[in-house]
Amino acid sequence: MMQGNERAVLHGIRVVEFATGVAAPLCGTLLADLGADVVHVEPTTGDTQRRVGPAKDGVPLWWKAAARNKRSVALDIDAPAARDLVARLVAWAHVVVVSDHNERLIPRGLDWTHVHRLNPKAVLLQITGCGATTPIALDTGAGIVSEARSGIAQMTGRADGPPMHSGFDHADGTTAVMGAFAVCASLARRNTPGFAGEWIDLATYETLFRIVEWQVVLQDVTGYTSARAGNRLGVAPGAVINTYRTADDVWLTVSASTLRPVRNVAKLLDEPDEMYATVADQFANAPRLDALLATWVSERTAEEALKVMAELGVVASRIYDMDDIATDQTYAERGDIVAVPDVDLGVVRMPGVIPKLHLRPGAVRHTGPALDADHDLIFRQWLGIDDADLAAARRAGAFGDPVSAPA
Amino acid sequence: MTTVAHSADQPSVRPLGAPGMPALDGLKVVEFAHLIAGPLAGSLMADLGAEVVHVEDPGSGDGARYTGPAHDGEYPWWTVAGRNKRSVTLNLRLAAARELATELIRWADVMITNFRPVALERWGLDWPSVHAISPRLVMFQASANGSNTSARNDPGFGKIGEARSGVVTLTGDPDGPPMHVGFPQADASTALMGAFAIAAALVNRDEPDFRGEWIDAALFEGLFRMADWQVVVHDQLGIVPTRGSMLGVGPQRCGPYLTEDGHWVTVQYESPAGTASVRALLDCEDSDPERLEAELTAWISRRSADQVIRALSAEDIPCGPVMTTAEMVDDDVYRWRQNIITVSDPHYGPVRMQGVVPRLSERPGRVWRTAPTVGQDNDLVYGSWLGRSPHDLDALREGGVI
């Protein structure tokens, strides 16, 4: 349907998003990157997410990457006149993505019961802070609040310091990928007899909670409640894992989490091997080794330190910032940064398609669309709605105030 | 009804799943993989009903069996990490293992691996080899730097992947060192991306021209993809985002804040509306964000966590407690979502762990077993499924192959 994505693995999959925030729309973008046709339905004033983050000459930047590869239509989904168009979009789609609690979706006809009745084979992905049907009084919100609920904030930070959050949308990002997995897992069987759609009810704290696999079982079996341990893994206390500053003010990560790598660190620091022979020895001497390594790194430039560590089998890396990423050979060889033409910015760089598929790869075809850029394409061509019906919907306010609505 | 022609060199293809069964029921997965970045992808698929065979070194097995704190001579983490899977042993270093590896690949719809590219080539488990064995196989491969780079055989350490993704330089106090989060973040993100990519590759599996798929992941890429804005602001504004700057500009203001009763609470109020709400709640006239942050910190420090959350929630300001595991177990949301389940384990008896995420309503996943012992399913997989006789199995055991 869309030009240029015929080879991509999700070519032919139709997705409609009635969603905002970070997690649900990023899920749509991941699907679009792999070739799905994704329609982002926005309020007639535009998704508030369009304006989040820094701008250049009045052009917000994040949207260009966040909404890439998607189509935009403006629709006032709360207007009675839009009800039929919402239904047509749902009937058209293989996948419907929403980001609200049931209490807000039921009046709009976008909860599972309504969607399933309109389109019995639709897969509905519903991403919320605390669950689709959890009593709304318990819902404390999504985004970074979900990191706090998931357990990862309390296990991140110095042992003697406060809990800490990630410096990016960690809960939202992981939720988006988990949502994309669930959607595709559900679609894998869409051609089999008896397929009756799917409702994926995903809360934004759940993915992080799930992937820290030890949390519940250790607490249950041993009473362990994962405490903060700085950069070392709280559950692997014998390891030497930390960030260290070099003489030329570069931060390095050194990672030695099992017996042999820790012994390599000891060798680097001229420590007696017998002090680090067993897990128990390494556990006892880990603070000593960490302090010695901090001094050793601080007396050398990053280049020197990395060279010597590599020779002795100590695994370490510069901690990359964007200058490092932009000039790194591996990133370049992977094609992990792509330059995409953009009507406002000329050319804009952003992450390439990840994950990388070999036979039917995805591609970045265009940057985030202007508001309502695809009105004609979607409503006339894809849904086949005739001009008279569209004009009637416009007069009735489906596209917002008829006077100010885009032509 | 989908019908697919069978030919001698193709495994039989049956539609995935019977009605009422989990979403990935009938899907067959073999893992030549260890630790986290590969096997967690398999776990997510096993939770949704896939039949996953985890191939381990004979003897001690996967190193993940001995990770984390021990209790009573056992490692509880593995109980969860290996759940819902079959364990077989195979010494891939032996030439005699090649035939069984080939049969497992023919049996499988999906292969997962996170060994170094050089090891895969040595064992005939690289993409050209497995694609020749099974033309419809979907292969997910995770390595430090991807299999097509000059650094392809670097050791695959998750912490190094984190360091190179950009997210570590973004995490930590503005005046402190860069911080890694407290769990294997790059490994887990790679596994998540892997599960997505595998499932995406399976979506059009019943098309006549389906020729399998090769997914080639580098450990830094999943996190790098999620923090997409860092590339754009660097490219367009020349900003090098660093710690404490959300989206590359302005301070990240979300706490956590310490309450009077010693709990930590996260408050997300960075949006203009959120800032206005906090200002109104605190009756703060000052337009300086630093002053507002200081007043909020002080205001929270004079109240209990319950009071803070109730007051902020009443104003629609997103906020919530920083939970410890002990608190999760007693939490109403976790209980409502049934996120924590009890599974019977041969060693521990009833043991609590995470339920299945994602939650599917029509064909939900389930947890049917805790982790198996090393090689527990050798007889089932090699005998019943691949048709080796008891005599053959004895010979393989004696030869140290399994």
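This is a predicted model: local features need pLDDT of at least 70, side-chain atom pairs count only at pLDDT 80 or more; totals for chains, interfaces and linings use all residues.
**View 1. A sheet built from two chains.** Here's an open sheet of 7 strands, with mixed pairing. Reading across, the order goes β5(A)-β2(A)-β1(A)-β6(A)-β7(A)-β8(A)-β12(B). So what sits at the edges? The edge strands are β5 (71–74) of chain A and β12 (359–360) of chain B, and each of them pairs on one side only. As a quick reminder, strands of a sheet pair through backbone hydrogen bonds, and they can do that either parallel or antiparallel.

View 2. Start with β1 (residues 14–18) and β2 (residues 37–42), both of chain A: they pair in the parallel sense over 4 bridges. If you'd like one pair to look for, find Glu17(A), whose bridge partner in β2(A) is His40(A). Helix α3 (residues 83–92) of chain A packs on the sheet and touches β1, β2 and β6 (95–98) of chain A. The direction of α3 makes about 145° with that of β1(A). Now look for helix α7 (residues 170–187) of chain A, which lies across β6, β7 (123–128) and β8 (198–203) of chain A, together with β12 of chain B. Helix α7 runs at about 165° to β8(A).

View 3. Is Ser147(B) buried or exposed? Its relative accessible area is 9%, and buried means under 20%, so Ser147(B) counts as buried. What does it touch? Leaving out residues up to four places away in sequence, Ser147(B) touches Arg334(A) from chain A, and from chain B it touches Pro117(B), Gln141(B), Arg152(B), Trp214(B) and Asp216(B). With Asp216(B) there's also a polar contact, side chain to side chain, at 3.0 Å.

**View 4. Strand β1 of chain B and the strands beside it.** Strand β1 (residues 28–32) of chain B is mostly covered, with 4 of its 5 residues buried. It runs parallel to β2 (residues 51–56) of chain B, and 4 bridges join the two. Look for Val30(B), whose bridge partner in β2(B) is Val53(B). How does the chain get from β1(B) to β2(B)? It crosses through helix α1 (residues 39–47) of chain B, and this β-α-β crossover is right-handed. Strand β1(B) also pairs in the parallel sense with β4 (residues 110–113) of chain B, over 4 bridges. There, Val29(B) stands opposite Val110(B).

Notes: Residues are numbered from 1 along each chain as its sequence is written. Chains are lettered from A and ligands numbered from 1 in the order in which they are written. Side-chain values use heavy atoms; hydrogens and water are left out. Two strands pair if DSSP finds at least two bridges between them. Contact means heavy atoms within 4.5 Å. Axes are lines fitted to C-alpha atoms, for helices over the stretch in contact, and angles run from 0 to 180 degrees between N-to-C directions. Buried means under 20% relative accessible area, exposed over 50%, partly exposed in between (1.4 Å probe, protein chains only). A polar contact is a pair of N or O atoms within 3.5 Å; within protein, one must be able to donate a hydrogen and the other to accept it, and residues adjacent in sequence count only if both atoms are side-chain atoms. A crossover is right-handed if, with the strands pointing away from the viewer, the path from the first strand over the helix to the second runs clockwise.
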